Structures are given as structure tokens and as C-alpha cells.
Amino acid sequence: MHLSLCFYIFNIVVINQNLLTDSRKMTTKVKEMPVVSKMFCSSNQVVLVVRSRPHVVGGGGFVVTDLGSHEVVFRVDGCGVLGKKDQMTLTDAYQNPLLLIRLKAGIVEALSLHRQWGSYTPAYVGSHQKLLFTLKDPKGCLANNRPIRVSIEQKDQSIYCKNFQVKGYFPDRECSIVDSGGNDIAQLTVGKEMKDVMEKKDVYHVVVNAGIDQAFVVGVIAILDYIHNGSTRC
């Protein structure tokens with residue numbers, strides 16, 4: 001009887017410990033990094049599918065869908081739609097504007113060793129554009145020796161990392177966006193089945209880590225697409 005009671009108490013303790021462990025797992029929050037908006041930060045890893053649009057169909061650019069739901073999440077329009085060189089827009093599934101992306105021009109930029117792209121909030125009536133992040137693309141011979149760098153321009157303390165790099169080679173759709181600690185926050189890849197049937201790599205996957213702003217990642221990809229003469233460029 002004494003042994004049965006001890007065994008019963010032991011089981012209760014083990015169950016309680018398991019419940020406590022599970023509750024801690026459930027209450028563990030994913031660290032979010034909302035550059036464009038918190039609504040684009042998922043608590044789970046997300047796989048996006050990017051499909052380039054031909055210029056003869058819709059003026060180029062690309063459409064981004066969710067791999068699981070197959071629903072459109074973002075759209076990127078380039079100069080084929082906007083009619084302006086060195087400029088793009090990122091919109092959500094309902095074509096609400098999220099980002100205005102453009103190449104900075106001026107004397108300072110002309111003398112710089114980098115081409116600098118700025119990503120801004122869209123301007124509404126009575127408001128000013130707000131610079132959210134910049135991307136620096138090395139010019140000329142420096143392009144092979146220096147990485148593309150991305151800097152967050154906001155002072156929001158919830159953005160725990162301000163500096164990123166693009167590692168890998170975008171035209172092959174085999175590259176990553178990494179933080180200052182060398183950790184991947186998003187990875188571009190082309191599945192083997194896609195490589196076998198698509199030479200131009202017009203369809204590829206983007207794996208976005210939990211908590212990372214998907215709109216920010218797509219904005220960076222839009223600039224990389226333009227730099228490498230992709231569908232956003234005329």
C-alpha cells in the first residue's frame with residue numbers, strides 16, 4: 001500500500017512537471033522585428049513563392065504567394081507599371097501600398113562607392129514619406145569584393161538588429177539575408193524540380209524565419225531583382 005501511494009505521488013509529480021514544461025513552451029514568445037508592420041511578422045517560419053511577371057503581361061514585376069495557402073501576399077511593380085526608372089512599389093494582397101522603393105540620386109550618391117536604395121512608407125495626403133531601410137550596392141569592381149548591406153533607419157527599440165548583409169548570388173536564387181550576428185533571417189532557394197524545368201528561375205522560394213517582417217524581406221528582394229536586371233526593370 002505504501003509503495004502504491006509513493007508510485008501515485010511520483011506520477012502526479014511527473015505529470016505536473018510535463019504540464020509546466022508545456023505551458024512554458026506555449027508562453028515562449030517569438031522575437032518580432034517589425035520593419036514595415038507587425039502584421040507581417042509570423043510566429044512560425046513562412047515559405048513564400050515568388051513568381052516573376054513578363055513585361056508583356058502586367059508590365060513585369062512579381063507576385064508573392066504563401067506556399068501553404070497559395071494566396072497572394074504581396075505584389076511588386078517596377079518601371080513597366082510605374083513608368084519611372086529606378087523606382088518600385090510594394091503592395092499587399094489587396095494592393096494597398098506598403099513601400100515606395102527608389103534609387104537615391106544626387107552629388108553625394110554620385111561620389112559614393114555604393115549605389116544607395118531607399119525604401120519609404122508611401123506618402124499620404126498631409127503626411128511625409130518615412131525612410132524605413134536603405135540598401136547599399138557596391139559599384140563597379142567593388143561589387144565582387146564587398147557584400148550588399150541593408151540598414152534599418154528606424155529608431156524603434158523593438159527592431160533588435162539594424163544591420164544586415166546579403167550573402168550568396170541572387171541570379172542563381174541561392175542567397176540569404178543575414179543579421180549582424182551571421183544568422184540567416186531569410187533564405188532564397190530554387191527547388192530541384194524547378195531547376196530541372198525552368199532555366200530562368202522565374203519561380204523560387206523564400207523561407208522567412210519566425211518573427212521576421214516578410215514585407216521587409218520582399219522589399220530587399222525587389223531591389224536585388226532590379227539590380228540584377230530582373231522583371232522589375234525595364
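Reader: What is the mean pLDDT of the chain, and what share of its residues reach 70 or more?
Author: The mean pLDDT is 81, and 74% of the residues reach 70 or more; pLDDT is the predictor's confidence in each residue, from 0 to 100. Over residues 5-16 the pLDDT is below 50, and this stretch has zero contacts in the model beyond near neighbours in sequence, a contact being heavy atoms within 4.5 Å. Residues 19-27 likewise stay under 50, with zero contacts beyond four places in sequence. Where pLDDT is low, the predicted coordinates should not be read in detail.

Reader: On what basis are features and numbers given?
Author: This is a predicted model, in which local features need pLDDT of at least 70 and side-chain atom pairs count only at pLDDT 80 or more, while totals for chains, interfaces and linings use all residues. Residues are numbered from 1 along each chain as its sequence is written, and side-chain values use heavy atoms, with hydrogens and water left out.

Reader: How many helices and strands does the chain have?
Author: There are five helices and twelve strands. These are DSSP runs numbered from the N terminus (helices H or I, at least four residues; strands E, at least two).

Reader: And how much of the chain is buried?
Author: Of the 234 residues, 42% are buried. Buried means under 20% relative accessible area, exposed over 50%, and partly exposed in between, with a 1.4 Å probe and protein chains only.

Reader: Turning to strand E6, where does Ser 119 sit, and is Ser 119 buried or exposed?
Author: Ser 119 lies in strand E6, which spans residues 114-120, and is buried, with a relative accessible area of 0%. Leaving aside neighbours within four places in sequence, its contacts include Leu 99, Lys 130, Leu 132 and Ile 223.

Reader: What about Gly 118, buried or exposed?
Author: Gly 118 is found in strand E6 and counts as buried, at 0% relative accessibility. Not counting residues up to four places away in sequence, Gly 118 touches several residues, among them Arg 102, Lys 104 and Thr 134.

Reader: Which phi value does Asp 86 have, and where is Asp 86 found?
Author: Asp 86 has a positive phi of about 60° although it is not a glycine. Asp 86 is in the loop between helix H2 (79-82) and strand E4 (87-92). Most residues other than glycine have a negative phi.

Reader: And Asn 229, buried or exposed?
Author: Asn 229 is exposed, with a relative accessible area of 58%. Asn 229 is placed in the segment after helix H5 (214-227), and its phi is positive, near 60°.
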